[in-house]
Amino acid sequence: MTQTVQIHNAANVHPHDYENTGDWKRYLDALNSMLKSRLFTHRPFFLAHAMTFGCNSRCKTCTYWKNIPRMKEDMKTEDVFNMLDEAYDAGMRGYYMFGGEPLIRQDIAKITDYAKNKGFVTVMNTNGSLLEKKARDLKNLDFAFVSLDYYNDYDDVIRGRPNTFGEVIRGIYELKKIGRTKVALVTTISSLNWNSMRRMAELASEMGVGISFNSVEQSLDFGQTTSETTPNFDVGLDSEKLKEFYRTLLELKREGFPLLETDEVLEDFVNGKPWKCHFPKMFLYVTPNKQVYNCDYTYAYDLKKGSFEQYFRSEGFWSYVKSAESCNKCVRTCVRGYSYTYGLFPRQLWGLAGQARLLFNKPEESCSVDDSPARNSNRLSGTRPNTVRH
Ligand code: SF4
Ligand code: SF4
């Protein structure tokens, strides 16, 4: 009962109360929502919103872009605002924007501004292709995770879009120039870019940003593919390669490269240690047309017909929470990291504190990486992996 009252009071804060206060207040509020979830409610505090069915890339490791014809179902601006209000009232304080490609939305500035002014910590996962053009729209974005799968323009081949590498490098430079958003690279490893981990870590160091690695997995494509026909089936890592993947990341981490993964997470992957997944208590995944899906991409709930509150009280939600705890299936380093943080593992928290600097760029930092085609083609020659299928 006490908690209900507290949440209700927090929801009464007028959005504009946040406008003239420091960011630290929003971060503290987000931390508070995590602790409330951890200690009392066990409900998600991060709204993970796939903002559109559309994407301007054709990545070889993903099939999401096949949903483009469904873009007409994307929520309108006002509907997103309403959803953010509802999520805030339900105690959520993080807003994670992804897609598809969130930057293809014309209203991305309005939505990011609204979310921040409401009191959310704002995070975006983007393919980076439109960052250079839209950096100024993102003045209220706290964290940008930018996908980059190779250290030269072979990235264009993997991402199925010409000039992606240059666009991403210039986009990150532009975003850092504005100086508000904290930027990190995200690299998905498959057989297409196997063995690029060290070079990617070096590139992140050169650029002065953090980097996170994941192995390719099935994408949410609303029935376009099955686990047999997903790209993961063709270009995914087998169990031996996966172990090598984690071992390599641990080596890089210990050598001091700016990996966002902590030592504890990587060591436990290398040692095959079982773990308790808290993902459903942290993130709520909502599709562009306001449907809730579970982490394994099974359908969960229609938020057009019901509310966050109703879903969090439902049997479906609690059985999802329960089954996740012993799931152990995830190969994603981030999910394990989030779960350790939520579990308040001391070594994880210590590791996170040590790497906080990776997520907080200095405004005056510039990106020293050359994105010119000449340099890229020099870098490219002799470095194209021979596992490429295209
Ligand atoms: S991985 Fe991202 S950028 Fe690439 S096709 Fe899928 S949704 Fe688009
Ligand atoms: S470990 Fe299982 S329950 Fe947790 S996020 Fe991964 S697939 Fe979902």
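The model is predicted. The chain has 390 residues, and 44% of them count as buried. It holds 17 helices and nine strands.

**Fold and contacts**
- Contacts between residues 24 or more positions apart make up 76% of those with a separation of 6 or more.

**Nonpolar core**
- The largest nonpolar core contains 95 residues.
- Val146, Ile172 and Ile211 have the most contacts inside this core.

**Helix 8 and helix 10**
- Helix 8 spans residues 197-207, and helix 10 spans residues 239-254.
- Their axes come within 10 Å and cross at roughly 35 degrees.
- The crossing is right-handed.
- Helix 8 contributes Met197, Arg198 and Ala201 to the contact, while helix 10 contributes Thr248, Leu249 and Leu252.
- By class, the residues of this contact are four nonpolar, one polar and one charged.

**Ligand 1**
- The shell around ligand 1 includes Cys55, Ser57, Arg58, Cys59 and Cys62.
- Tyr64 and Trp65 also surround ligand 1, as do Gly99, Gly100, Glu101 and Asn127.
- Five residues of the shell are nonpolar, four are polar and two are charged.

Note on methods:
Residues numbered from 1 in each chain as written. Chains lettered and ligands numbered in written order. Predicted model: local features only at pLDDT ≥ 70, side-chain atom pairs only at ≥ 80, totals over all residues. Near = placed C-beta within 6 Å. Nonpolar A, V, L, I, M, F, W, Y, C, P; charged D, E, K, R; others polar. Core = buried A, V, L, I, M, F, W, Y, C linked by C-beta atoms within 7 Å. Buried ≥ 20, exposed ≤ 12 C-beta atoms within 10 Å, placed from the backbone. Axes fitted to C-alpha atoms, helices over the stretch in contact; angles between N-to-C directions. Helix = DSSP H or I, 4+ residues; strand = E, 2+ residues; numbered from the N terminus. Left-handed = near helix turned anticlockwise from the far one by under 90°. Contact = placed C-beta atoms within 7 Å.
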